Amino acid sequence: QVQLVESGGGSVQAGGSLRLSCAASGRTFAFYGMAWFRQAPGKERDFVSAINQRGTTRYADSVRGRFTISRDDAKNTLFLQMDNLKPEDTAVYFCAADFNTPYRASDVSIWGQGTQVTVSS
């Protein structure tokens, strides 16, 4: 099974951009559906975006048109390009994997440790 390590979080002003990366260990990355979730303080862990093994993508309504998910199976890496960031995007962002592409936190079998994204107004 893969292990996931996120990077790329940080602090930006509203309207700015960040690119998150999720590096996966192991040689079976291409077999997994991948996703990003986020969790703000005192709130549940929410779905952000997912990409399946064939490259088909899905987005939460709150980020559609601003965020772009992609994967590079040759480099075992998942990405989340976040543009036009808003203060309500502030959260810890988690990379997630499952053989069945996860769209709910309860569907995830493998989690990364998370990376903090803070957007100031």
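Which residues form one aromatic cluster? Select Phe 37, Phe 47, Phe 94, Tyr 103 and Trp 111, which together make up that cluster. Before going further, note that this is a predicted model, in which local features need pLDDT of at least 70 and side-chain atom pairs count only at pLDDT 80 or more, while totals for chains, interfaces and linings use all residues. Residues are numbered from 1 along each chain as its sequence is written, and side-chain values use heavy atoms, with hydrogens and water left out.

**Stop 1: the aromatic cluster**

Rings of Phe, Tyr and Trp (its six-membered ring) are paired here if their centres lie within 6.5 Å; planes under 30 degrees apart count as stacked, over 60 as edge-to-face and the rest as tilted. The count of aromatic pairs comes to 5 by this rule. Strands (E, at least two residues) and helices (H or I, at least four) are DSSP runs, numbered from the N terminus.

Phe 94 belongs to strand 9 and Trp 111 to strand 10 (residues 110-111), 17 residues apart. Phe 94 is buried, with a relative accessible area of 8%, whereas Trp 111 is partly exposed, at 29%.

**Stop 2**

Select residues 33-39, which are strand 4. Of its 7 residues, 6 are buried. Two strands pair if DSSP finds at least two bridges between them. Strand 4 runs antiparallel to strand 9, joined by 7 bridges, and Gly 33 stands opposite Asp 98 of strand 9. Strand 4 is also antiparallel to strand 5, with 6 bridges; here Met 34 has Ile 51 as its bridge partner. Follow the chain from strand 4 to strand 5 to see a hairpin with 5 residues between the strands, where Gly 42 in the turn has a positive phi of about 75 degrees.

**Stop 3: the nonpolar core**

A nonpolar core is a set of buried Ala, Val, Leu, Ile, Met, Phe, Trp, Tyr and Cys residues joined through side-chain atoms within 4.5 Å. The largest one has 35 residues, and Leu 4, Met 34, Trp 36, Leu 78, Leu 80, Met 82 and Tyr 93 touch the most other members. Strands that each supply at least two residues include strand 3 (18-24), strand 8 (77-82) and strand 11 (115-120). Strand 9 gives the most, with 5 residues.

Centre the view on Tyr 93. Counting contact as heavy atoms within 4.5 Å, and leaving out residues up to four places away in sequence, Tyr 93 touches residues including Trp 36, Arg 38, Leu 80, Met 82 and Val 117.

**Stop 4: a buried charged network**

A salt bridge is a side-chain nitrogen of Lys or Arg within 4 Å of a carboxyl oxygen of Asp or Glu. The structure holds 5 of them. Which residues are linked in a network of salt bridges? Select Arg 38, Arg 66 and Asp 89. The closest N and O atoms of Asp 89 and Arg 38 are 2.9 Å apart. Asp 89 lies in the loop between strand 8 and strand 9 and Arg 38 in strand 4, so the pair ties together parts that are 51 residues apart in sequence. Arg 66 meets Asp 89 at 2.7 Å, N to O. Asp 89 is buried, at 0% relative accessible area, as is Arg 38, at 12%; Arg 66 is buried as well.

For contrast, select Arg 64 and Asp 61, which meet in a salt bridge at 2.6 Å, N to O. Here Arg 64 counts as partly exposed, at 47%, and Asp 61 is exposed, at 65%.

Definitions and conventions:
Buried < 20%, exposed > 50% of the residue type's maximum accessible area, 1.4 Å probe, protein only.
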